[in-house]
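Reader: I would like to go through the labels used for this model and hear what stands behind each of them. Please show it to me first.

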Amino acid sequence: MSLEHAILGFLADGPMTGYDLKTRRFDTTASHVWTADQAQIYRTLDRMVRKRLATARAVAQRGRPDRRVYTITPRGREELRSWLESEAEVTVRRDPFLLRLMFASELDDASLLDLLSETRAANMDRLESLRSRIAASPRDTREGAIRRMTLEASAADIRAQVDWLDASMDRVRSGLPEAATRTEGGTSQ
C-alpha cells in the first residue's frame with residue numbers, strides 16, 4: 001500500500017488540508033494500520049497534484065497564511081478504484097522490535113525478559129486503546145463496519161503478538177542455551 005492511495009481514500013470522503021489529513025485521519029482513523037509524518041503527506045500531495053490525482057486551492061484565512069485544500073479528481077478516483085480492485089499485496093513486516101530481538105543473544109536472561117516484558121506491556125496498552133476504539137466505532141454504516149473490521153484485525157494481530165511474547169518469556173524462564181562466546185573478529189567459539 002502506498003501513502004498516495006491512503007490519501008486518495010481519505011480525499012474521497014471530501015476536501016481536506018494536509019494538516020487535516022495528518023491530524024484527523026492518519027493520527028486517529030488510520031493510526032492502527034498506517035502512519036505518516038506531515039512532511040511525507042505534503043510531499044505526496046504535491047506529487048498527486050502534479051499527476052492530476054488531486055487538485056489544490058488556496059483558501060484565505062483571517063490573520064493567518066492561506067490554507068491549501070486538496071480535492072480528489074476523477075482521475076484520482078479511478079486510481080483509487082484500480083488500487084482497491086488490484087491483487088492483494090503481501091508485505092514483509094518491518095518490525096524494529098523483532099530486529100532487536102534477532103540480536104538479543106548478547107543479553108543475559110534478565111535483560112532479555114525485560115525486553116520481552118516491556119514490549120508486552122506496550123502491546124497491551126495498544127490493545128486496550130484499540131478495544132476502546134472498537135467499542136466506540138459505528139456499526140450502522142457500511143464505512144463504519146469496514147473500519148471496525150480493520151480495528152478488529154489490528155487487535156487480533158496484537159493479541160497474537162502478546163500470546164507469542166508470553167510463550168517466549170516462558171521459554172526464557174525455562175532456560176535457553178548459553179550464548180556462544182565471540183572472539184574479537186566476531187566469530188563464535
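Author: In this predicted model, the axes of H2 and helix H3 (residues 38-50) come within 9 Å and cross at roughly 125 degrees.

Reader: Why are H2 and H3 called oblique to each other?

Author: Angles of 65 to 115 degrees count as roughly perpendicular and those over 145 as roughly antiparallel. The crossing angle of H2 and H3 is roughly 125 degrees, so the two helices are oblique. Their crossing is right-handed. On the H2 side the contact is made by Gly-18, Tyr-19, Leu-21, Lys-22 and Phe-26, and on the H3 side by Gln-38, Ile-41, Tyr-42 and Leu-45.

Reader: How many aromatic pairs does the structure hold?

Author: There are two aromatic pairs. In one of them, the ring centres of Phe-10 and Phe-26 are 5.2 Å apart and the planes stand at 85 degrees.

Reader: What makes the pair of Phe-10 and Phe-26 edge-to-face?

Author: Rings pair if their centres lie within 6.5 Å, and planes over 60 degrees apart count as edge-to-face. With 5.2 Å and 85 degrees, Phe-10 and Phe-26 meet both conditions, so the pair is edge-to-face. It links distant parts of the chain, with Phe-10 in helix H1 and Phe-26 in helix H2 (residues 18-29), 16 residues apart. Both Phe-10 and Phe-26 are buried.

Reader: Why do the rings of Phe-97 and Trp-164 count as an edge-to-face pair?

Author: The limit for the centres is 6.5 Å, and those of Phe-97 and Trp-164 are 6.3 Å apart. Their planes are at 80 degrees, which is over 60, so this pair is edge-to-face. Phe-97 belongs to helix H5 (residues 96-102) and Trp-164 to helix H7 (residues 142-174), 67 residues apart.

Reader: Is Phe-97 buried or exposed, and how do you know?

Author: Buried means under 20% relative accessible area. Phe-97 has 9%, so it is buried. Trp-164 has 34%, which lies between 20% and 50%, so it is partly exposed.

Reader: What makes H1 largely enclosed by the rest of the structure?

Author: Eight of the nine residues of H1 are buried, so the helix is largely enclosed. Among them are Leu-3, Glu-4, His-5 and Ile-7. Helix H1 (residues 3-11) lies across S1, S2 and S3 and runs at about 95 degrees to S3.

Reader: How do you know that S2 and S3 pair?

Author: Two strands pair if there are at least two bridges between them. Strand S2 (residues 54-61) and strand S3 (residues 64-72) have seven, in the antiparallel sense. Gln-61 stands opposite Arg-64 in S3. Two residues lie between the strands of this hairpin, where Gly-63 takes a positive phi near 75 degrees.

Reader: Which strands are the edge strands, and what makes them so?

Author: The three strands form an open sheet in the order S1-S3-S2, with antiparallel pairing. Strand S1 (16-17) and S2 are the edge strands, as each pairs on one side only. S1 is joined to S3 by two bridges, and Thr-17 stands opposite Val-69 in S3.

Reader: Why is Arg-52 called exposed?

Author: Exposed means over 50% relative accessible area. Arg-52 has 57%, so it is exposed. This residue is found in the loop between H3 and S2.

Definitions and conventions
Residues numbered from 1 in each chain as written. Predicted model: local features only at pLDDT ≥ 70, side-chain atom pairs only at ≥ 80, totals over all residues. Heavy atoms only, no water. Helix = DSSP H or I, 4+ residues; strand = E, 2+ residues; numbered from the N terminus. Contact = heavy atoms within 4.5 Å. Axes fitted to C-alpha atoms, helices over the stretch in contact; angles between N-to-C directions. Phe/Tyr/Trp six-rings, centres within 6.5 Å; stacked < 30°, edge-to-face > 60°. Buried < 20%, exposed > 50% of the residue type's maximum accessible area, 1.4 Å probe, protein only. Parallel < 35°, antiparallel > 145°, perpendicular 65-115°, else oblique. Left-handed = near helix turned anticlockwise from the far one by under 90°.
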